[in-house]
Amino acid sequence: MGATVSCCMSPGGSPKLARRAVELDDYPITTTADDVSEDTGTYLQHISDREVPDELAQESNPSDNARASTIFLNKSQTDGTSPGLLSKKYSSCSTIFLDDSTVSLPNLKSTVKCVTLAIYYHIKNRDSNRSLDIFDEKIHPLTREKVPEDYYSVDPEHKLIYRFVRTLFSSAQLTAECAIVTLVYLERLLTYAEMDICPCNWKRIVLGAILLASKVWDDQAVWNVDYCQILKDITVEDMNEMERHFLELLQFNINVPASVYAKYYFDLRSLADDNNLNFPLEPLDNQRATKLEAISRLCEDRYKDLGKVTIRRSLSADNLVGVRTTHAVLS
């Protein structure tokens, strides 16, 4: 998937055949007295029988259902520490401060800070240390440096997580929307695989989520070999293997509905307000005021045209949904 040696072809053999063998081992062929076929003599389990159609579990999963509360926000609210007071900017009669970050175009730096803060709370307030070998940094190190003996017990600071993610985003030129989708995939992985993000696996889990989000979200995705140039000591084969395991643990569910994306964005803003990570506010100048006025006039003209079409189509009073305007006289 986007690399010189992809996960679909390798010199050592076909991972597809190996993956098929693993799937057959996980779901063996069973025979029963009632379901034995006369032709084959065996009963092959249907794919729908392998999946667990638990509607209640899906409704409680925030990465699939917009009505469920995000996990990172719940973990941040259970934390006992409270951030210090920070001065905020407020608009006045002479100066108006505006926030350029929107749900369709978030601020990159602030969004990455909030996402890394959410990961920090995931690690700090984790329930246990459940993990998988594919994400263990001691088994699959990202650097040639020796992993400390106490690497699994020391929680990383928020600054360390932010520097790691910021390096990947700046080097690969990823967008703020990709950071939000990364957090969605991360929480979906923790829910589907029933594991925890902890000091021994957080780097590889975050790397796998960023890798997948960049390929799904961005039009020009970064190849696996490009990440190997950012992280000098990791191999393409390791990236491919981690990506394949990540997709299998997600059950190949990479869909992110717009409602889920919007919920994660606004919950990240709530997390920023609770921890005094304010999004940048800029004063309203003449250039920005002219731009906002043009956008407002364009939306107003579109609404007027829509109202005229609605009134022209029917003379019934029930269909007069357009807003009738009156000309103001300025003296």
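**Exercise 1. State how helix 5 passes helix 6, then classify their packing.**

Helix 5 passes helix 6 in a right-handed crossing (the near helix is turned clockwise from the far one by less than a right angle). The model is predicted: local features need pLDDT of at least 70, side-chain atom pairs 80 or more, while totals for chains, interfaces and linings use all residues. Residues are numbered from 1 along each chain as its sequence is written, and side-chain values use heavy atoms, without hydrogens and water.

Step 1. Helix 5 and helix 6 (residues 158-172) pack at about 135°, axes 9 Å apart. Axes are lines fitted to C-alpha atoms over the stretch in contact, and angles run from 0 to 180 degrees between N-to-C directions.

Step 2. Contact means heavy atoms within 4.5 Å. Helix 5 contributes residues including Leu 108, Val 112 and Tyr 120; helix 6 contributes His 158, Ile 161, Tyr 162, Val 165 and Phe 169.

Step 3. By class, this contact has 10 nonpolar, 2 polar and 2 charged residues.

**Exercise 2. Classify the packing of helix 5 with helix 7.**

Step 1. Helix 5 (residues 108-124) and helix 7 (residues 176-192) pack at about 15°, with axes 8 Å apart.

Step 2. Helix 5 and helix 7 are therefore roughly parallel.

Step 3. Helix 5 passes helix 7 in a left-handed crossing.

Step 4. The classes are 11 nonpolar, 2 polar and 1 charged.

Methods
Helices (H or I, at least four residues) and strands (E, at least two) are DSSP runs, numbered from the N terminus. Angles under 35 degrees count as roughly parallel, over 145 as roughly antiparallel, 65 to 115 as roughly perpendicular and the rest as oblique. Ala, Val, Leu, Ile, Met, Phe, Trp, Tyr, Cys and Pro count as nonpolar, Asp, Glu, Lys and Arg as charged, and the others, Gly among them, as polar.
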